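I opened the notebook on this chain to record what I looked up, entry by entry. I began with the terms and then moved from the whole chain to single residues.

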Amino acid sequence: MDFSSKLLENAVNEVSRLPGIGKRTALRLVLHLLKQPSENTKFLSEALLHLRNDIKTCSNCHNISDTELCDICSNTKRNSEIVCVVEDIRDVMAIESTSQFNGLYHVLGGKISPMEGIGPQELQIESLIRKISEGEIKELIFALSSTMEGDTTNFYIFKQIEKFEITTSTIARGISVGDELEYADEVTLGRSIVNRIPFEQSIRS
């Protein structure tokens, strides 16, 4: 792709680094920005800079937050005895959109994947086990994607908490095997949360 401007080329190269955006899409987006009032580009730049500089991670669930404790964890109307274990922020957003879950979350930050060099120590598993050991959590819902890595992570956590008196469940398989939660429709995902099954049963099935 030939560029008449080095500035244009540099902008396109940076935008194309984003996931799912190729050079042609990046060029279309950059040219769109050039056609807009300069204030629009300024607002976008400032929003991204504020995001990078001011974003926080919730000290309780590791969700992305503007404050030390996210809005979900600080909401006294939520059931703090039920915790849903998810891979990342996108899964929290997907489940919240169903309006079928009123507990709290625990964001692991990924899944165990030896092929990618991701072990339990790279995830927020230790803090989850610590919370469970304090005895405030009565039920843990495994809501990781139904992939080999997701199942491996579920089982690892399950073995780590077997000694504690806690109910473990997993979302019903209305979510197809291999599917990512963020792509599931709200009705199916909502039903999967409501109709969750004991985790031990999911291992045997």
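Predicted model: local features only at pLDDT ≥ 70, side-chain atom pairs only at ≥ 80, totals over all residues.

**Entry: the chain as a whole.** I counted eight helices and seven strands in the chain. Of its 205 residues, 37% are buried. The accessible surface comes to about 12,800 Å², and 51% of that belongs to carbon and sulfur atoms. I then looked at contacts with a separation of 6 or more, and found that residues 24 or more positions apart account for 56% of them.

**Entry: the nonpolar core.** I looked up the largest nonpolar core, which has 36 residues, and those with the most contacts inside it are Cys-84, Val-86, Ile-95, Phe-101, Tyr-105, Leu-140 and Ile-157. Two or more residues each come from strand S3 (79-86), helix H4 (89-96), strand S4 (103-107), helix H5 (126-133), strand S5 (139-142) and helix H6 (148-160). S3 gives the largest share, five residues. Apart from this core I found another, of five residues, among them Leu-8, Ile-21, Ala-26 and Val-30. As a general remark, I noted that in soluble globular proteins nonpolar side chains tend to be buried together.

I then followed Val-86, leaving out residues up to four places away in sequence, and found that Val-86 touches Asp-91, Val-92, Ile-95, Tyr-105, His-106, Val-107, Leu-108, Ala-143 and Leu-144.

**Entry: strands around S5.** I checked the pairing of S5 and found that S3 and S5 run in the parallel sense over four bridges, with Phe-142 of S5 as the bridge partner of Val-85. S5 also pairs in the parallel sense, over four bridges, with strand S6 (residues 167-170), where Leu-140 stands opposite Thr-168. Together, S5, H6 and S6 make a right-handed β-α-β unit. Within S5, Glu-139 and Ile-141 point one way while Leu-140 and Phe-142 point the other way, and all are buried.

**Entry: Ile-193.** I found Ile-193 in helix H7 (residues 186-194). Is Ile-193 buried or exposed? Its relative accessibility is 0%, so Ile-193 counts as buried. Leaving out residues up to four places away in sequence, I listed its contacts as Cys-84, Ile-95, Gln-100, Phe-101 and Ile-171. For Ile-95, I noted that 98 residues in sequence separate it from Ile-193, while the two are 8.2 Å apart in space, C-alpha to C-alpha.

**Entry: positive phi.** His-62, with a positive phi of about 70°, is found in the loop between strand S1 (56-57) and strand S2 (64-65). At 19% relative accessibility His-62 counts as buried, because the cut-off for buried is under 20%. Ser-99 counts as exposed because its relative accessibility is 65%.

Methods: Residues numbered from 1 in each chain as written. Heavy atoms only, no water. Core = buried A, V, L, I, M, F, W, Y, C linked by side-chain atoms within 4.5 Å. Buried < 20%, exposed > 50% of the residue type's maximum accessible area, 1.4 Å probe, protein only. Contact = heavy atoms within 4.5 Å. Areas by Shrake-Rupley, 256 points an atom, 1.4 Å probe, with all protein chains shown as cover. Pairing = 2+ DSSP bridges. Right-handed = clockwise from strand over helix to strand, strands pointing away.
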